[in-house]
Amino acid sequence: MNYNTQNSIFNSSKKRMNKKRTVTPTDLDNLEKQAQVQLSASKYKEAIGLYKKLLQDSDNKEWHEKLAYCYVRRASALAAKGMFKEAVVLWENHRQHAQSPYAAYDQYIIWLILSKNKASIAENIRQLSAQQLDKEYPALASVLGLLALTEYPEFAIDLPQESAFIAHLQRAKTALQAYQDNDQATLDESLKQLPYRSAFKDLRTVLNALITLPNSVEQAQALLAKVPENSAYSGFVRLLLVSTFDGAELAKALVELNHTQRNIISHIKGFNKTQIEFLEHLTRQHEHLSDKVKFNMAIQYQSLYGTELAKNYCQQLLANYSAGHKDFTKNFGAVDEFEENRMKALLCERDDNTYDAEYYWRLCIKELIGQRIEANGLKIALILRHLSKREEPAEQTELLIESLQYDAEDRDIYLQILSYYQQAEAAKDYKLWLSKTLEKFPQDIDVLMQAVREATRNKTYKKASQYATIILKIDPLNTFAKQTLFSSHLAHARRLMREKSYHLVEKEIKLAEALNIGKAYAKQTQLLRAFFCYANEDKVQGLQLIIDALANLHADPVNIHFHASMEALSVGVPVATILRALPPAKDHLLSESELTQFMQLLERVNNEADNDEQIHKALEKVKAPLKKAITSQNFAEPILLSLCKILEKLKHFELLRHCAKLALAQWKKPIWMYYRVYADNNGKPEDCTFREVMSLQHYHEQAMQSKDFQAGMLLEKLLNRYYQVHPQRGMGFLDSLFGMDDDDEEEIERIEELFGHLPDEIFIKLDKTIESLSKKTSVEQAVMDLMDIVGKNQNIMLAIMQDPDLFSALMIVKAADKLGINIDVSIDDVLECYGVGKNTGSFPF
């Protein structure tokens, strides 16, 4: 190939390359759009590349400005990551595409400082004007001020000498010197001369905190909190804040600092040589603080915190570090058995091992009792009370009662015991402990108030008045005691009206009015006066007064009718006559607020009425609208629960049954099963059906698992009463076979479907037979016998082995065959009920 040919090929190739690099206006538009997208998305690195490409083809001023902006933003992002040298390079690149004054120039100088580029620092700070230093660049001025006071005092020479910064720098130096010389007057004067907008304002705050620190740590901390986190002085602030810490908080902070910073803190805190050694030792080991390391450090540095504290700490560690016993005995003497068991108990509790924890606590109690030291009584009581916190209410109360043998002076323990017996409705135990508590604390208002309530529940109003009178002697303004006396006077007045001792009624009403406890109570006396007028003076006028008084008390006819009925029954006047004069209540639909008012009224009359019969008669007058409201109004669960509690106290089973049935259908909770069964059996759990007993057992277990102890105790009370009357029905085998858990509701339905028709007497016989079979035959043999009967069907055999409930049901049928009892249940019925599939044959029985 000759030279001309080669040259021709080269030129042709060059033309093709030039042609390939030609960028059309459309390409530039697309490229610019891409660059703008990256810029808007804050992807500055990508945007920089695209704008540089654009500028290769066109010297566009707007593109230069955007490229310069991207360089600055990218530099700031790198600086935020600590890449200061890279940030400096990018910022310097931006100057090629921008004009002075440059963006983020103050930040650039700070990056130079952080990069320790002394030559560039000096060159750039010489270019700063007084205006920039004093007003435009406050963050940079603060940094330069700190450096001029510490590492680089020569910076002051390169800065504009006519600036306020230089004048303030001299005042700051004077203040620091005065602080070092302990010259309080000069220090105060120098700090006053530093204005709020000075580059040294944060230094002023730090020095003020240092002055305050010895006398008030809280005030110093408050001052330091005013320094912004991005301040040049924030590092000093953090160290000063650490110096205000003590104990574990200080130790935790110190191990995170470097050696120099720890020395500063040690100097501020005035640590001695041993303390500094301990600190360095802790810093080296803090990531590997095994029990052995902690044990040895406690012994090595016991001079810092005293032998007794070191001994107690090391004894705590022995629970996990048994190898330390020899060193412990060498340094502190024999191990304290009580302390060792106490620590083992606490470690067991930490691991949620309550069984072993109780064992070790009992060893502690045994050791304390053995020491025969009177002062140990409180320790024993506290241990028992500590143990009680992990127990269920019944066991908890037993432990609290036991604790009173060792410390009988803790009033709160008595109140906790009373609270349990009250919730458990154990009236006999409650009365016993109330008597003991009153004897121990006869002047305690809380105890006296419980005594008032108990006397009121028992309708012993005279005794309630006596307790209330004692309360008023101790606390003349006690509203509860006044209310009790008020009710007592009105109850006495009603009794006098029934007895027609009208000449004494006025005196009792006036005594009640003299208590002056509010308008609501005045309305009650107004109503009683109206009935008094009706009974003793003028029936027409009295009847009108009754209507007016009731209208003043209630806005709805249901409450009016019930209140009128109660009052009429209490004072011995005809109920029908009074009700005929009132607006009808039958069609009224109670609102939630009206029902709430009704329950409050019902609760009050329950406490005041001489007997429940009066309340039942009054409820008969409003029973229909009450039922209608409960059915129609969709009341909230807490409202219905409150109503059921009151109806239970009154033993009004008809209304309770109506309420509980609706509630159980809506909220399948243990408490509603309690009320349903209790009401269905008219308060006689001994009349429960087998299905009801099983339901009670199921919901009792559910209540205890969900820690609904109140419902659990109520259900347990019903079950106990049932088995007290029917001890023979506490079926061992069947009870264990059909023990309920959270998922047994379906099983209850299956058992009821198959065997619910059988009388309890039949079940008792079946139970005894199955129990007898179980003693003579192993479970494996029983399964094999059942397999022989079901014909070796593999599916059925597998189901029997996998489903204990199916096995149990088949055993019931087998027991019935052995007894020769026709229970109308075949093998096919059982298998079909459990979804196993029908057997081709039947049992031979």
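**A helix, a loop and a cavity**

The buried residues of H12 pack against helix H11 (164-180) and helix H13 (201-212), with contact meaning heavy atoms within 4.5 Å. Helices here are DSSP runs (H or I, at least four residues), numbered from the N terminus. This is a predicted model, where local features need pLDDT of at least 70 and side-chain atom pairs pLDDT 80 or more, while totals for chains, interfaces and linings use all residues. Residues are numbered from 1 along each chain as its sequence is written, and side-chain values use heavy atoms, leaving out hydrogens and water.

So who does the packing? In H12 (residues 184-192), Leu187, Ser190 and Leu191 are buried, that is, under 20% relative accessible area with a 1.4 Å probe, protein chains only. Looking down the axis of H12, those buried residues fall within an arc of 95°, so they line one face of the helix; the arc is taken from the directions from the helix axis to the C-beta atoms. An α-helix has 3.6 residues a turn, so residues three or four places apart point the same way. Ala185 and Lys192 sit on the face turned away from the buried side, and they are exposed (over 50%).

Next, Thr244, in the loop between helix H15 (234-243) and helix H16 (247-254). Thr244 is buried, at 7% relative accessible area. Not counting residues up to four places away in sequence, Thr244 touches Leu213, Val217 and Gln221.

Finally, the second largest cavity is lined by 13 residues, with Arg494, Met566, Ser570, Glu608 and Ala609 nearest its centre. A cavity is a set of points on a 1 Å grid over the protein atoms alone where a 1.4 Å probe fits but cannot get out, and lining residues have an atom within 4 Å of a point. H35 (557-571) gives the most to this lining, with four residues.

Technical notes:
Helix = DSSP H or I, 4+ residues; strand = E, 2+ residues; numbered from the N terminus. 1 Å grid on protein atoms, 1.4 Å probe; cavity = no way out; pocket = protein on both sides within 12 Å on 5 of 7 lines; lining within 4 Å.
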